[in-house]
Amino acid sequence: MDNNNGTTLIIMSGDMDKVMAALNIAIGAAAAGKETNMFFTFWGIKAIQKGTFTGHGLFGRMMGLLNRGGISRIGPSRFNFFGVGRWMFKQMMKNHKIPSLEELRKTAMELGVKFWPCQMSMDVMEIDREDLIEGVEQSCGVAAMLEMSDHSKQTLFI
Amino acid sequence: MDNNNGTTLIIMSGDMDKVMAALNIAIGAAAAGKETNMFFTFWGIKAIQKGTFTGHGLFGRMMGLLNRGGISRIGPSRFNFFGVGRWMFKQMMKNHKIPSLEELRKTAMELGVKFWPCQMSMDVMEIDREDLIEGVEQSCGVAAMLEMSDHSKQTLFI
Amino acid sequence: MDNNNGTTLIIMSGDMDKVMAALNIAIGAAAAGKETNMFFTFWGIKAIQKGTFTGHGLFGRMMGLLNRGGISRIGPSRFNFFGVGRWMFKQMMKNHKIPSLEELRKTAMELGVKFWPCQMSMDVMEIDREDLIEGVEQSCGVAAMLEMSDHSKQTLFI
């Protein structure tokens, strides 16, 4: 495999703006013919969740409650103001004909971007395979992510 | 072009400390003879704005209001406390003879670091070309940023 | 030196979850035989501090007070809720047999990961050499970090 023809994105953030930036970079990389892998860890996993309630134990359920709603309920990293910021951002994006996070995610998948969930994060946050959207790859760990990165020209931590 | 003699920095954060880290890395890279490009997106654009009011529609103006003031009014990502933290940081930097963000930005420009504003962010946040400081390059998108990155040894998302 | 057999991590964040991600990546990289360097700057320095009070002047002491406690007192970037989140996270990690930050840091060191403190951050935040844990390398700056990065396949800003 070409040692430099890939882009690996590690998505740790669950913020609307950062997930949007990540998806835009992934789409740009895939459109340029690069093998593009997105590795979702911690809060980033929200971007590939269905949005249903998750968790088994007390803490997992609490986390699931705080984190519920899937990609369309993600707020920005700044100026969220209890959801007003999210709504405002969505309006601004719509006004300027920027696709929504759901549309960006769909486009990325159609362009062949691969979505990998981090196994350890799923364990700790008690997220099951069926809590994730269709089309994501099997869960994996740091070793697999580093291997993708070793075949990539750029690896970004977002 | 040498495939590895460059540094690309994607600045998404508008936090004082992260912008400072980015400028320090850019200056170090340029001083080491690397072709250094900084791509400013989302909140990061504040670091290259004049600080005047921006925005056309209601949302753009609200965003401009929240975001006004330019690089010298940026607060740290932690312990800002409504501006006290920013003031405290500046004092600490001054006490230890660390240059201000304005000075770092000027030094970076003098060393040939290129500053690229992200077109999509300017559209969404309703920031015009004349809202940006002198000396920045033309606005561009993810494809152009990835091309710079493909000629870089390191690409950082800040 | 092989130009591509290394991993450089710049740790700017002092958040529990991000430090944990960084240590996990470092351990994975070192286990895969890569020369792994972690460069701790700004808030990230907390991860290699003993946890004693730091600072000389008024501001340095205030910063030291806000930042005291070392790696075991670091809170997550989300849902901290004045320490409840940190406690909850630790419980979840324990329930799922994930090592603590202290254990991860120890494992990384045993695998040969090198820990570098950023000199400028130590100056600004008034942190002395004796405030840092045993086993960290000598403090250095951006130039040294970029040199490590130039011998690395991936450089991440965390």
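**Close-up views of a predicted three-chain model**

**View 1. One salt bridge is found across the interface of chain A and chain C.** The model is predicted, and local features need pLDDT of at least 70, side-chain atom pairs count only at pLDDT 80 or more, and totals for chains, interfaces and linings use all residues. Side-chain values use heavy atoms, with hydrogens and water left out; residues are numbered from 1 along each chain as its sequence is written, and chains are lettered from A and ligands numbered from 1 in the order in which they are written. The salt bridge pairs C:Lys34 with A:Asp150, whose closest N and O atoms are 2.8 Å apart. A salt bridge here is a side-chain nitrogen of Lys or Arg within 4 Å of a carboxyl oxygen of Asp or Glu.

**View 2. Seven residue pairs, both at pLDDT 80 or more, are in polar contact across the interface of chain A and chain C.** A polar contact is a pair of N or O atoms within 3.5 Å; within protein, one must be able to donate a hydrogen and the other to accept it, and residues adjacent in sequence count only if both atoms are side-chain atoms. On the side of chain A that touches chain C, at least two residues each come from α2 (58–66), α5 (119–125), α6 (142–150) and β4 (154–157) of chain A. Helices (H or I, at least four residues) and strands (E, at least two) are DSSP runs, numbered from the N terminus. That side of chain A has 16 nonpolar, eight polar and five charged residues. Ala, Val, Leu, Ile, Met, Phe, Trp, Tyr, Cys and Pro count as nonpolar, Asp, Glu, Lys and Arg as charged, and the others, Gly among them, as polar.

**View 3. Chain A and chain C bury about 2,500 Å² between them.** Buried area is the accessible area (1.4 Å probe) that two parts lose on being put together, summed over both. Carbon and sulfur atoms give 74% of this area. A:Trp43, A:Phe59 and A:Phe157 supply 27% of what chain A buries against chain C, more than any other three residues. The contact (heavy atoms within 4.5 Å) takes 29 residues from chain A and 29 residues from chain C.

**View 4. Chain A is superposed on chain C by a rotation of 120° with 0.0 Å of shift along its axis.** The RMSD is 0.0 Å, with copies superposed by least squares on the C-alpha atoms of residues with pLDDT of at least 70 in both. The two copies are thus related as by a three-fold rotation axis. They use different surfaces, since 17% of the contact residues of chain A recur in chain C.

**View 5. Between chain C and chain B the count is one salt bridge.** B:Lys34 and C:Asp150 form this salt bridge through their side chains (2.8 Å, N to O). The side of chain C that touches chain B draws two or more residues from each of α2 (58–66), α5 (119–125), α6 (142–150) and β4 (154–157) of chain C.

**View 6. B:Phe40 and B:Phe115 form a stacked aromatic pair.** Over all chains, the structure holds three aromatic pairs. Rings of Phe, Tyr and Trp (its six-membered ring) pair if their centres lie within 6.5 Å; planes under 30 degrees apart count as stacked, over 60 as edge-to-face and the rest as tilted. The centres of B:Phe40 and B:Phe115 are 5.5 Å apart and the planes are at 10°, so the pair is stacked. B:Phe40 lies in strand β2 (residues 35–40) and B:Phe115 in strand β3 (residues 114–117) of chain B, 75 residues apart.
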